[in-house]
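This report concerns the pairing of charged side chains. The sequence and the structure are shown first.

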Amino acid sequence: MGTATKGAPKSATAATPWGAAGVLEEAIVPQRVGEKRFAVVVQLLEASNGERLIRFAYTTDGSARRGPVTMRARDLERLRAALERAPVLAQALESAIADSRAREDP
């Protein structure tokens, strides 16, 4: 089952191309392939200028890694469940999707 960290500690930060950003909320989906254990993490970040960013990453040993994030269809349902416990992050994702769709429509 996916997990969510609501209101991550203010000291939690993430490195981004725009500089360090605070982790406001995150949803974690643990995964396993054979003996390999890792997790997909979706994070709501806030930059020092107040801009909100959404980061998709995967973790090994608790450290976020860059690179492709791959999820199986069944993991998407676990992500949906984790987002239910991270409502601010879920709303930010919904808003980003709606904004993207609005820009595509003539």
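## Charged pairs within helix H1

Asp75 and Arg78 lie three residues apart in helix H1 (residues 73-84), so about one helical turn separates them; a helix here is a DSSP run of H or I with at least four residues, numbered from the N terminus. Their side chains form a salt bridge with an N to O distance of 3.1 Å, the term denoting a side-chain nitrogen of Lys or Arg within 4 Å of a carboxyl oxygen of Asp or Glu.

Glu77 and Arg80 are likewise three residues apart in helix H1, with about one helical turn between them. The salt bridge joining their side chains spans 3.3 Å from N to O. Glu77 is partly exposed at 46% relative accessible area.

In the pair of Asp75 and Arg72, the closest N and O atoms are 2.9 Å apart. The search of the whole structure finds four salt bridges.

## Accessibility of the partners

Asp75 is buried, its relative accessible area being 0%. Arg72 is partly exposed at 30% relative accessibility, and Arg78 is partly exposed at 24%. Buried means under 20% relative accessible area, exposed over 50%, and partly exposed in between (1.4 Å probe, protein chains only).

## Basis of the values

The model is predicted: local features need pLDDT of at least 70, side-chain atom pairs count only at pLDDT 80 or more, and totals for chains, interfaces and linings use all residues. Residues are numbered from 1 along each chain as its sequence is written, and side-chain values use heavy atoms, with hydrogens and water left out.

How values were computed. Helix = DSSP H or I, 4+ residues; strand = E, 2+ residues; numbered from the N terminus.
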